[in-house]
Amino acid sequence: MSEYKKNSLSLTGTVSLGTGVMIGAAIFALLGQVAELSGAMFPIIFIVGAVIVAFSAYSYIKVSNAYPSAGGIAMILQKAYGKTTITAGSALLMAFAMIINQSLVARTFGSYTMQLFEAGGRNFWVPALGVLLLVTTFLINIAGNKFIQKSALVMAILKVGGIAIFAIGGLWAAGFSFEAAIPTELSGEYTVSSYLGALALAILAYAGFTTITNSGEEVKNPHKNVGRAIIISLLICAIVYVFVAIAVAANLSVPKIIEAKDYSLAEAARPAFGKYGLWFTVGIAILATVSSVVANVFAISRMTAMLTKMKLIPHKHFGMPGRIQKHMLVYTVSIAIVLTIFFDLSRIASLGAVFYIVMDMVVHWGVLKHLRKDVRANPAIVTLALVIDAVVLAAFLWIKASSDILIVWLSLLLMALIFAGEKWFLKRRKELSDPNEKHDHA
């Protein structure tokens, strides 16, 4: 039985997977953290973030339309750099960014679910509920593509509709006052670096579009529909993000949003709708986070299975039966569980943002240096995306160096270990294959 079923994902199903990852990860997990770095400007940050990611998505769309593959990011990197340490290391950065996203959303699930109960014991129950979600979504993914696509489509419709109701209801409760929600000038309390740091998290909020490239081989009419799915998903999510951000800003002061940053939408529902609004918002949050993790686990298991087939990463069965893709489900969910238990939302998001932006820069450089003629990419657009990434990443690391230096050192250490480990693995594999090749020719 093939691990990749061609034409098993429709355009609608592919869009559902993309929006499933993005909306769950961003609105519920990152809105409060973006507000913490940008103050009242946070609705604008989501708009600017969408524009930046639109430039960034250009490289992925161009390459995916030309070479649709179940390998997605790994395929793009291999086309640009060959089977090298840069390809393997950068692909693993993307894989770990996606795993980090799983734990980010899992903890968000726990934070919002606990709003239905008393505050006591929340420190234990938030990661415990997150682990429960990860185990459940692992079992859902075992069910296969058809079940995942159907559940993703239903969940996407329900949660986008529910979030739209929240946004409209929040704006109605505030008298549709956009002036109060969107400031007309920058606050002196925040620096340019702080705003750029907020943009780094906003970029992470849209990063789910890359999961669509990982399903390229399974999408119907992939040479057109992969790019279409990315554009449609980004557009839907940008509209949802901005209206929800405005609704939250209209009902909560910035200090209140920051205070409740792990569950800011639920807090915004209290003054606007009372306890019934709170229950509704938490229900939508649970639905969104569940579908986000389902879609994320689905995408990363395919990507890492492809990396194994490409012989870019090591693989051990450890006595497990079944296919490589199923083994990857076990490995990635296990890592996400560890992160969910030991890291808080802020640190998880920071680590994911650094890994993703570094990988993104490697992709843009590869397209600019090696692929732009093959895929007919405009070098000016790719260069602009690369420069923006570099500026935003530098500002984000600067902010973290002054507020949480551990994350900066941890990010650098893990990236060094990933690339050093891949260099050793590829060198070792080459040494083992060369004698075999000589023996075969003898």
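Start by selecting S346, S350, A353, V354, I357, V358, D360, M361, H364, W365, V367 and L368 in helix 15. Their contact partners in helix 16 are P379, V382, T383, A385, L386, D389, A390, V392, L393, F396, L397 and K400, where contact means heavy atoms within 4.5 Å. That contact divides into 17 nonpolar, four polar and three charged residues. Here Ala, Val, Leu, Ile, Met, Phe, Trp, Tyr, Cys and Pro count as nonpolar, Asp, Glu, Lys and Arg as charged, and the others, Gly among them, as polar.

You're looking at a predicted model: local features need pLDDT of at least 70 and side-chain atom pairs count only at pLDDT 80 or more, while totals for chains, interfaces and linings use all residues. Residues are numbered from 1 along each chain as its sequence is written, and side-chain values use heavy atoms, with hydrogens and water left out.

Now show helix 15 and helix 16 (residues 379-403) whole: their axes come within 9 Å and cross at roughly 155°. The axes are lines fitted to C-alpha atoms, for helices over the stretch in contact, with angles from 0 to 180 degrees between N-to-C directions; helices are DSSP runs (H or I, at least four residues) numbered from the N terminus. That angle makes helix 15 roughly antiparallel to helix 16 (over 145 degrees; under 35 is roughly parallel, 65 to 115 roughly perpendicular, and the rest oblique).

To see the contact, pick S56, S59, Y60 and V63 in helix 3, then Y356, M359, D360, V363, H364, V367 and L371 in helix 15. By class, this one has seven nonpolar, three polar and one charged residues.

Jump to S111, in helix 5 (residues 85-113). Is S111 buried or exposed? S111 counts as buried, at 5% relative accessibility (buried is under 20% relative accessible area, exposed over 50%, partly exposed in between, with a 1.4 Å probe and protein chains only). Leaving aside neighbours within four places in sequence, S111 is in contact with V126, D262, Y263 and L345. S111 and D262 are 151 residues apart in sequence, yet 6.4 Å apart C-alpha to C-alpha.

Last stop: V244. Beyond its neighbours within four places in sequence, V244 is in contact with I27, L31, I163, F166, A167 and L265.

Note on methods: Helices (H or I, at least four residues) and strands (E, at least two) are DSSP runs, numbered from the N terminus.
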